[in-house]
Amino acid sequence: MTSAPLSDPLARAGAVLTIDLGAVVANWTQLRDRVAPAECAAVVKANAYGLGVGRVVPALAAAGCRTFVVAQFEEALAVRAVAPTNARVLSLGGLPAGTAPDFTAQRILPVLNHLGDIAAWQAHARAQGTALPAVVHIDTGMNRLGLGPDELDTLVGDLSRLEGVDVRVWMTHLACADEDSVMNSQQLGRFRSAIGRLPAAEASFANSSGIFHGTAFHFDLVRPGCALYGVNPTPAAENPMRGTIRLDARLLQVRNVDSPMTVGYGATHRVAARGKIATIAVGYADGYLRSLSGRGHVFVNGVAAPVVGRVSMDLVTVDVSHLPDAAVTPGGLVELIGPNRPVDTVASEGGTIGYEILTSLGARYHRVYRDPPPPEVA
């Protein structure tokens, strides 16, 4: 028996995630122009901050990006598969034991974070009979990854440790880039001092927010991440970046309620008066955070409606008592993230940051990609 063809996936979708690749490219281009003549890389770790590395990397590469940064080797493999052959792919997570041949075979630059990493890469280079390219991370105050002060002194005191290591970039990472913190200038001074003691190579300091501290922070290579995807890199000022996503969820049902009814798990929302509750098809399994329970808002036909009761695995309930019946019909779409609900606003209501909202975007959404416009012909 032949199965009947399925309906349009969009019609079946509980929620629709629209990803504007043109906006991602526009954000990168804006930053590229801001930091020129420094190079502007693109941080595409965590599946391009949830947007999809398989679509984001080719779009950025078509715009001219040639350095991509990830956190782990498996992420680097995914980038290498879709990036131009002349693109650099940097993996921030160091050199796990026994993996050096994988890095060279796949043309991935390891970011060496401690003297053990450097020694392992040097040994691999000697076995290959040639110097091998790498990036070396210097810790200037973050105290996560990178050569600490003692290891830096050891390296400077014995530069033979770098024989066979073709250092392409010295890098560090800002701890308080999105704040007006004295630590930013302190880290800048430490980084300048460190690279002044080391062999010449490119230097990389600024992340998204660091770019906006001025040219002193740009060096040779900047590494924006969140700003590419629309998160505000300047939280104390208006967001200079374009939003890149829109998330709409299906309105499943509307019911009339009245006191003393309650809504959702734990009966946490008590109905105070006659009204209407709408249930929409999204939940924490989709990355709509449980912390938005009783705190978040959605937009229904352009009007804000508060989330009431607990966000559950698959469903969210919102109070639409102030909306006319014609505005809240089952089957319609409700805006969760978009022009009326910027990602940073959603994050603030959920007690988190835009990074977490983006990287939590779930796999159940029906994804729609909007390609960048074709380049202008001169």
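Predicted model: local features only at pLDDT ≥ 70, side-chain atom pairs only at ≥ 80, totals over all residues.
Q: Where does Lys 45 sit, and what's it in contact with?
A: Lys 45 is in helix α3, residues 45-49. Helices here are DSSP runs of H or I with at least four residues, strands are runs of E with at least two, and both are numbered from the N terminus. Leaving aside neighbours within four places in sequence, Lys 45 is in contact with Val 69, Val 70, Ala 71 and Glu 75; contact means heavy atoms within 4.5 Å.

Q: And is Lys 45 buried, exposed or partly exposed?
A: Lys 45 is partly exposed, with a relative accessible area of 30%. The cut-offs are under 20% relative accessible area for buried, over 50% for exposed, and partly exposed in between, with a 1.4 Å probe and protein chains only.

Q: What about Tyr 265, where is that?
A: Tyr 265 is in the loop between β12 (262-263) and β13 (269-270). Its relative accessibility is 61%, so Tyr 265 counts as exposed. Beyond four places in sequence, Tyr 265 is in contact with Arg 310 and Ser 312.

Q: Switching to pockets: what's the volume of the largest one?
A: About 640 Å³. That volume is the space filled by probe spheres set on the grid points, which are joined across faces, edges and corners. A pocket is an open set of points on a 1 Å grid over the protein atoms alone, where a 1.4 Å probe fits, with protein on both sides within 12 Å along at least five of seven lines; lining residues have an atom within 4 Å of a point.

Q: Which residues lie nearest its centre?
A: Lys 45, Met 142, Arg 144, His 173 and Asn 207, out of 32 lining residues. The elements giving two or more residues to that lining are α3 and α10 (208-211).

Q: How does the lining of the largest pocket divide by residue type?
A: It's 17 nonpolar, ten polar and five charged. Ala, Val, Leu, Ile, Met, Phe, Trp, Tyr, Cys and Pro count as nonpolar, Asp, Glu, Lys and Arg as charged, and the others, Gly among them, as polar.

Q: And the second largest pocket, how much space is in there?
A: About 350 Å³. Of its 20 lining residues, Gly 243, Thr 244, Ile 245, Gly 338 and Pro 339 are the closest to its centre. β1 (15-20), β11 (245-257) and α11 (343-349) each give two or more residues to the lining, and β1 has the largest share with three.

Q: Which residues does the "binding site" annotation cover?
A: The unreviewed UniProt entry lists Arg 144 and Met 313. Arg 144 is the one from this set in the lining of the largest pocket. Arg 144 is found in the loop between β7 and α8, is exposed at 62% relative accessible area, and touches Asp 139 and His 173, not counting residues up to four places away.

Q: What does Met 313 touch?
A: Gly 283, Tyr 284, Ala 285, Asp 286 and Arg 364, again not counting residues up to four places away in sequence. Met 313 counts as partly exposed, at 43% relative accessibility.

Key:
Residues numbered from 1 in each chain as written. Heavy atoms only, no water. UniProt positions renumbered as here; feature names shortened; annotations may be inferred.
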